[in-house]
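Follow this walk through two ligand sites, one after the other. Keep the model open beside the text.

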Amino acid sequence: MREGDAPGAGPVGSMKTKKLFNSWIIWVLVGVVAVVLFLPMVFGNNSAKVDTSVGLHQLTSGNVTEAKMFDGDQRVDLKLRDSLKVDGVDKGTSVSFYYSTARAELVVDEINKANLGKFTDQPVESNWLLSMLGIIIPFLLIAGIFWFILARSQGGGSKVMQFGKSKAKLITKDMPQVTFKDVAGADEAVEELHEIKEFLQEPAKFQALGAKIPKGVLLYGPPGTGKTLLAKAVAGEAAVPFYSISGSDFVEMFVGVGASRVRDLFEQAKTNSPAIIFVDEIDAVGRHRGAGIGGGNDEREQTLNQLLVEMDGFDATTNVILIAATNRPDVLDPALLRPGRFDRQIPVEAPDLKGREQILAVHVKGKPMDATVDLNAVAKKTPGYTGADLANVLNEAALLTARSNANLIDDRALDEAIDRVMAGPQKRTRLMDEHERKVTAYHEGGHALVAAAMNQTAPVTKITILPRGRALGYTMVVPESDKYSVTRNELLDQMAYAMGGRVAEEIVFHDPSTGASNDIEKATATARKMVTEYGMSEKVGAVRLAGSAAEQGMGTASRDFSDEMAHLVDQEVRELIEQAHNDAYQALMANRHVLDRLALALLERETLNQKEIAEIFSDLVKRDKREVWLSNEARPVHQEGPILSPKERAASSTD
Ligand code: ADP
Ligand code: MG
Ligand code: ZN
């Protein structure tokens, strides 16, 4: 549901077919068919046809003045002295009859015997034009059918008709303008692109100072974060033409066409400079060369080479800037990233809390909101959502509001929209049997209770046992602010929280279900990372062990440590899981009555919000446990970057 837009996937419909009918091939075919149909009418003989016996009788009876014998047609045309009457019907003075090969000699004899003043023999190839057409038409028909099928399979007739010509759209200045104001929560990227905009507006200023302007800018980041939007905004701000094409369009082309398209695209942009060329999904053409199965894709390589050639051909006065976008910067051919090519690389990340609020503010324009709606609160509920997700949330909310015949979008609609965008539409029809509902209520209750009882977890903002997507229910804990690093105690608490659902099932039913498999997977992954990547196991120490969690998941594990070490890692991981299990158990046992109360409320109301949860947890016994990491030499344990994405951290779901 967070896939980006798929350019080039337009409908193959009547529109395209119509286009094909406009093409010259169809008119040539129609013309040829018309000529063939009309020629015999114009040049053909329009004398009356008579039986062979009647014709021969005319010859013997001496009524014929002139005979014309067509060998190819096996026909004889006769001119008569007196007009001929057959069965009372007047046939006029010119008649013709056909004869079979066996009778040909007899016919010749009769003509000779008739002693005519005039007779003519017509050889076989009498009508060369018709004969030629007879050969050409089937050929043209086959060619036409071939073109038609090809056009359909290519997804549009236009493509075939003008292959080799660039399909890039020139977005003229009177098209709707996107500016940097329409892009929210991407301040760093916008700042970097400001320079590009200034260069496009006033190239002379930069050239006078001898400043080297980047030829290519690569925007990379997850789908839906606004890369296309940013590229358009640069063109909009600088008021220059925007040529855009998608890498995947090149790949589906005929052999040799991709390269000529690139040439054409640059040609067009240069003649209209200053201009922007936007190559979306550049990874489709720009993949590491020779990396494909079976020696790679020649077509793609040619296209990529042409792209590099064109970029190298830019000089200081070529006021064209190439902007490319990808969500797979890791697979790009290094040649693309060398200086003088896409040497300016700008990350476009999912927005943070403030960014989300700003994006929401951009997209609420034109949507009447209830006065009680707080965009900050909505932003808090949507960690990890991209700009496209947020635009989608507001749109869904508007649709829901319209469907319920209300005038203003309120919190209820927004909440429902958030859930839809996160996990697909609610499955109200999916029936869970009573026992399964109860297990789910205790499972989700277990997560929530452990989360609330531990020190280091964020507040629980929502619990539901309404099945959504693949999840039977979920518990949502939302951090107050976006976090970029996590401490050991926080990880321990997160693991306890993950185990909470499973442990609650054990305590209440003494018969755990499969619903916790995802939780166990998460907890195990965290534990393994703590041991092999974060240096958070005393016994193993602060070493990074290759072949750790992520690589094992990819099946590319290549272990560079001993069997003993592997054994120790496994032991430590188990130890951490056991500990998390125990933490969850202690927290739940200390609050057994709260767990029952929570499960009951869930079974009754299905979904609980933050306020309702806080009420139920009013007399919760907190589990005040904090491990102190001791170290004899001052040995700082560093961590960089976020360990779990906000979305990962925010929602834990059961299968
Ligand atoms: P990408 O190219 O990164 O996949 P798009 O630029 O196609 O993402 O974004 C899709 C839509 O999501 C945009 O048209 C816009 O409506 C919305 N959007 C994405 N990011 C932002 C943002 N930072 N600010 C405002 N709207 C955004
Ligand atoms: Mg895009
Ligand atoms: Zn769970």
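This is a predicted model: local features need pLDDT of at least 70, side-chain atom pairs count only at pLDDT 80 or more; totals for chains, interfaces and linings use all residues.

A backbone N or O atom of Thr-225 sits 3.3 Å from an oxygen atom of ligand 1. Leu-229 also brings a backbone N or O atom to an oxygen atom of ligand 1, at 3.0 Å.

Residues are numbered from 1 along each chain as its sequence is written, chains are lettered from A and ligands numbered from 1 in the order in which they are written, and side-chain values use heavy atoms, leaving out hydrogens and water.

Now the shell. Ligand 1 is surrounded by 15 residues (a heavy atom within 4 Å). They divide into six nonpolar, six polar and three charged. Helix α9 (227-238) is among the elements that give two or more residues, and α9 gives the most, with three.

Turn to the zinc ion (ligand 3). Its donors are His-443 (NE2), His-447 (NE2) and Asp-519 (OD), at 1.9 to 2.0 Å (N, O and S atoms within 2.8 Å of the metal, or 3.2 Å for Na, K and Ca). His-447 lies in helix α18 and Asp-519 in helix α20, so the pair ties together parts 72 residues apart in sequence. His-447 is buried at 0% relative accessibility (buried means under 20% relative accessible area, 1.4 Å probe, protein chains only). Asp-519 is buried too, at 1%.

Notes: A polar contact is a pair of N or O atoms within 3.5 Å; within protein, one must be able to donate a hydrogen and the other to accept it, and residues adjacent in sequence count only if both atoms are side-chain atoms. Helices (H or I, at least four residues) and strands (E, at least two) are DSSP runs, numbered from the N terminus. Ala, Val, Leu, Ile, Met, Phe, Trp, Tyr, Cys and Pro count as nonpolar, Asp, Glu, Lys and Arg as charged, and the others, Gly among them, as polar. Buried means under 20% relative accessible area, exposed over 50%, partly exposed in between (1.4 Å probe, protein chains only).
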